[in-house]
Amino acid sequence: MGVEQLIKDCQQNSLKAQEQLYRLFAPKLFAVCLKYSRNYEDAQDNLQDGFLLLFKKIGQFQFKGSFEGWAKRVMVNNVLQKYRSQGVFELVSENMPDEAEVEVESDSVSMDFLLSLIQELPDRYRMVFNLYVTDGYSHKEIADMLNITIGTSKSNLSRARAILKEKIEAQEGNSKNTYSK
């Protein structure tokens, strides 16, 4: 059975089709949830909640564009809504620090380490960083999605980069000290 037929069957509330669609897309959508969640357990919860929402809204999918892209947007919006309701994006200050450029020596920092650093960022910084850097949204789009100002989006991105830069430099310093012993 093709994806299009699975979607149509899900629109008719077929539990079997929902299970198959879940099995087909859960790994990719879990990666999306993990990127925006505080930790692995939150990502699992967000995936489950996101699929419940996805199946509730699947009738809105019009077969224009990719289903995967639509499903990712549902997952991201679900996670963002959860954090919005917790007041994660409330304005603290719009004083922007200087833009921090993060340069990584590929030998000293693994991708897993970098991903773990991103996941350790405070919620509002992680969300803006992922939306801007990894998903390519503009600051205006992020501001609209998170119900914050463009300045807050820019400030949160700058702070996220500064934190990452500090942690990467600390890691690189530790690596150099290890090698020089």
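Guide: A residue counts as buried under 20% relative accessible area, as exposed over 50%, and as partly exposed in between (1.4 Å probe, protein chains only). The model is predicted, so local features need pLDDT of at least 70 and side-chain atom pairs pLDDT 80 or more, while totals for chains, interfaces and linings use all residues. Residues are numbered from 1 along each chain as its sequence is written, and side-chain values use heavy atoms, without hydrogens and water.

Visitor: Is S37 buried or exposed?

Guide: S37 is placed in the loop between α2 (15–36) and α3 (40–57). Its relative accessible area is 0%. Because of that value, S37 is classed as buried.

Visitor: Which backbone oxygen lies 2.6 Å from a polar atom of the S37 side chain?

Guide: Leaving out residues up to four places away in sequence, S37 touches D42, A43, N46, Y83, Q119 and R126 (contact meaning heavy atoms within 4.5 Å). The backbone oxygen lying 2.6 Å from a polar atom of the S37 side chain belongs to C33.

Visitor: How many helices does the protein have?

Guide: Helices are DSSP runs of H or I with at least four residues, and strands are runs of E with at least two, numbered from the N terminus. Along the sequence the pattern reads α-α-α-α-α-α-α-α. There are zero strands, and the number of helices is eight.

Visitor: How are α4 and α6 oriented, roughly parallel or roughly antiparallel?

Guide: Helix α4 (residues 67–85) and helix α6 (residues 123–134) have axes 11 Å apart and pack at an angle of about 155°. Axes are lines fitted to C-alpha atoms over the stretch in contact, with angles from 0 to 180 degrees between N-to-C directions. Angles under 35 degrees count as roughly parallel, 65 to 115 as roughly perpendicular, over 145 as roughly antiparallel, and the rest as oblique. The angle of α4 to α6 is therefore roughly antiparallel.

Visitor: How many nonpolar residues are in the contact of α4 with α6?

Guide: On the α4 side the contact is made by V76, V79, L80 and Y83, and on the α6 side by D123, R126, M127 and L131. By class, there are no polar residues and two charged ones, and the number of nonpolar residues is six.

Conventions: Nonpolar A, V, L, I, M, F, W, Y, C, P; charged D, E, K, R; others polar. Polar contact = N/O pair within 3.5 Å; in protein donor to acceptor, adjacent residues only side chain to side chain.
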